[in-house]
Amino acid sequence: MSGRKPRSVANPLESAITTPSERILKECHSLYVDSENGLVKIACSLGVRLLPPRKKIIVMIMGNHSAGKSSFINWYAEEHIQKAGVAIETQGFTFITSGRKRESLTGNATLHLYPHFRPLLQFKGVMDYLSAEISTSKQKKFNLVTFVDTPGLVDGDMVYPFDVNSAITWLGEQADLVFVFFDPMGQALCKRTLNIVEKLSEKCGDKLLFYLSKADEAGKETDRQRVMMQIVQELCRRPGLNKCGFEMPTIYIPNPQRPSRCVNQIDGVCQTIEKTINQAVQKTLDQLEKDCDLICSTISTRREQDRADVAHNKSVRLHSWLCGALGSILPVLFVLSFIVNTFSKDQLDQLLGEGPAGTLFVFTGIVMYLWDWIPEDGQVVFVIIFGAFCYLLLFLAKYFAGRGNKTLTKKEKRTMAEYSDYIQDIVKTKKGSLYDWYLQQCAAEYDF
């Protein structure tokens, strides 16, 4: 494994047509999911759970119904993917992403494509309203973005088939960006929308961006200003949204056949997405280093624990051996003393030889001396206590024998050493080269 080289781009043409950000995200992802030496596989073998980084950023778009969410996605991808209209067209969550061919996925297939969002299953009923639309579009930065189109929000007696507030809040926490679209046609002050926005602001306020969508339909400039003031006033009434530096650019889908004097800042939305993509590249590289350090520290901890377990097992085996030896030798010596006592010293010398017979006679003599020292009426009690003591020693021997800890095999030690070398020599080196290459795309040459 330590001699393994990182995979290079198979097709030179592919590296030419992909952007630096896309290439870095893909290569980082491949380091995690490689079938032989992927970080996910290595971490799993060590009992650590890692998720591969996403190759695309997640942009969630929320707002009241007919706020222009689906229309914006269609405009960005330059393809008619989502239905758009005044009616509530989007009733569930739809993931819109770029892929190899045009395809529509249902809930189960969607979660297989996006395992990060499997916790959505905790919201009862959401599975039936989960889908994904895969488009072949490569316009703008669409190949590095996954849009999440959320249900149109309304007040009143509208009943959703799942806990829409909690589901949108959870999705917003997972997303890289959350676009909140307010339309100027009377639904901008939807309380349900504002309640969700307030919750998101408490947990991930830095992701929230507000836009006045369909700004070209607001009438004159004075009408637009009045709508924006009403929205700002409503937001300021909520403590969680009353923050300085509030911005709400005006955007609308450009239509050459319907020119408008309204300032359209929709290009700024594209710039925000591109900036977030670049930040995602940096976060992915940083996370790669953290995950490498986590695996290396886990390996180091396992090795140290194994050394401690080996020392512990030696101590336990010693205790077990001593207790077992005493529990076996003492009763044998006790019985043997009575047998030897029936022989004279001359008979023992003839049977065993002068040296061994003398040694045996000394030990058995000590036992018999102690036995004679015990009163006759207490000898039975002594035998019972002595037998119980020997049984206790044998029990302790068995107890200590079962107290050993499992240690690493030679194969496991060798595998861990290979993992550590692979991460240090291959993965971290690859991460450093990717970081340098990324910086070279944006920094001046003399900065290196």
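This is a predicted model: local features need pLDDT of at least 70, side-chain atom pairs count only at pLDDT 80 or more; totals for chains, interfaces and linings use all residues.

I started with Lys140: its charged end sits over the ring of Tyr76, 5.6 Å from the ring's centre. That label needs NZ of Lys or CZ of Arg within 6 Å of the ring centre and within 35 degrees of the ring normal. The charged end of Lys140 also sits over the ring of Trp75, 4.3 Å from its centre.

Residues are numbered from 1 along each chain as its sequence is written, and side-chain values use heavy atoms, with hydrogens and water left out.

Next I looked up ring pairs. Rings of Phe, Tyr and Trp (its six-membered ring) pair if their centres lie within 6.5 Å; planes under 30 degrees apart are stacked, over 60 edge-to-face, and the rest tilted. The count comes to 19 aromatic pairs. Phe93 and Phe162 have ring centres 5.6 Å apart and planes at 40°, so I wrote down "tilted". Phe93 is in strand β2 and Phe162 in the loop between β5 and α6, so this pair ties together parts 69 residues apart in sequence. (Strands are DSSP runs of E, at least two residues; helices are runs of H or I, at least four; numbering goes from the N terminus.)

Then I checked Phe142 and Phe147, a stacked pair at 6.3 Å centre to centre with 20° between the planes. Phe142 is buried at 0% relative accessible area, and Phe147 is buried at 0% too.

Methods:
Buried means under 20% relative accessible area, exposed over 50%, partly exposed in between (1.4 Å probe, protein chains only).
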